[in-house]
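Colleague: I have a few questions about this fold. Could you put the model up and take them one at a time?

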Amino acid sequence: MSISSSVEKLSGLKRRIDITVPSEKVKNMYNQRLKEVASQAKVDGFRVGHVPLKVIENKFGKGILLEVAEKLMK
């Protein structure tokens, strides 16, 4: 399955865009970005590059997910 999109015309100038992305692709990009952030993140109590992924996910997970979604939509 690949990324698909459709544009629906609503009233006036309004449009609705539906984008479908395979979950496996989202998971792969999320995990890759999570590892990149983990290698550079500065978190109190841990050395740079040695922060557990679970801590990174709890602290930066929502932002990373939004970043991945933005990249996939472009």
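Colleague: Leaving aside its neighbours within four places in sequence, which residues is Arg15 in contact with?
Modeller: Bear in mind that this is a predicted model. Arg15 is found in strand E2, residues 15–20. Arg15 is partly exposed, with a relative accessible area of 42%. Beyond four places in sequence, its contacts are Val7, Glu8, Lys9 and Leu10.

Colleague: Which residue forms a salt bridge with Arg16 at 3.8 Å?
Modeller: Arg16 is partly exposed, at 44% relative accessibility. The closest N and O atoms of the pair are 3.8 Å apart, inside the 4 Å cut-off for a salt bridge.

Colleague: Which residues are linked with Arg16 in a network of salt bridges?
Modeller: Asp18 is partly exposed, at 35% relative accessible area. The residues linked with Arg16 in the network are therefore Glu8 and Asp18.

Colleague: How many salt bridges does the structure hold?
Modeller: Another joins Glu57 and Lys54. The total for the structure is 6.

Colleague: How many residues apart are Glu57 and Lys54?
Modeller: Both lie in helix H2. Glu57 is partly exposed at 30% relative accessibility, while Lys54 counts as exposed at 57%. The spacing is about one turn of the helix, 3 residues.

Colleague: At what angle do H1 and H2 pack?
Modeller: Two packed helices are described by the angle between their axes and the distance between the axes. H1 covers residues 23–40 and H2 covers residues 53–73. Their axes are 8 Å apart. The angle is about 125°.

Colleague: Is H1 roughly perpendicular or oblique to H2?
Modeller: The packing angle is about 125°. Roughly perpendicular runs from 65 to 115 degrees, and roughly antiparallel needs over 145. The angle falls between those classes, so H1 is oblique to H2.

Colleague: Is the crossing of H1 and H2 left-handed or right-handed?
Modeller: The axes cross at about 125°. The hand of this crossing is right-handed.

Colleague: How many residues of the contact of H1 with H2 are nonpolar?
Modeller: H1 contributes residues including Val26, Met29, Tyr30 and Leu34. H2 contributes residues including Ile56, Phe60, Ile64 and Val68. The contact also has 1 polar and 6 charged residues. The nonpolar count is 13.

Colleague: How far apart in space are Asn31 and Phe60, C-alpha to C-alpha?
Modeller: Asn31 lies in helix H1 and is partly exposed at 36% relative accessibility. Phe60 is one of the H2 residues in the helix contact. The pair is 29 residues apart in sequence. In space, the separation is 12 Å.

Colleague: Is Val51 buried or exposed?
Modeller: Val51 sits in the loop between H1 and H2. Leaving aside neighbours within four places in sequence, it is in contact with Ala38, Ala41, Val43, Phe46 and Ile56. Its relative accessibility is 6%, and the cut-off is under 20%, so Val51 counts as buried.

Conventions:
Residues are numbered from 1 along each chain as its sequence is written. This is a predicted model: local features need pLDDT of at least 70, side-chain atom pairs count only at pLDDT 80 or more; totals for chains, interfaces and linings use all residues. Side-chain values use heavy atoms; hydrogens and water are left out. Axes are lines fitted to C-alpha atoms, for helices over the stretch in contact, and angles run from 0 to 180 degrees between N-to-C directions. Helices (H or I, at least four residues) and strands (E, at least two) are DSSP runs, numbered from the N terminus. Angles under 35 degrees count as roughly parallel, over 145 as roughly antiparallel, 65 to 115 as roughly perpendicular and the rest as oblique. A crossing is left-handed if the near helix is turned anticlockwise from the far one by less than a right angle, and right-handed if clockwise. Contact means heavy atoms within 4.5 Å. Ala, Val, Leu, Ile, Met, Phe, Trp, Tyr, Cys and Pro count as nonpolar, Asp, Glu, Lys and Arg as charged, and the others, Gly among them, as polar. A salt bridge is a side-chain nitrogen of Lys or Arg within 4 Å of a carboxyl oxygen of Asp or Glu. Buried means under 20% relative accessible area, exposed over 50%, partly exposed in between (1.4 Å probe, protein chains only).
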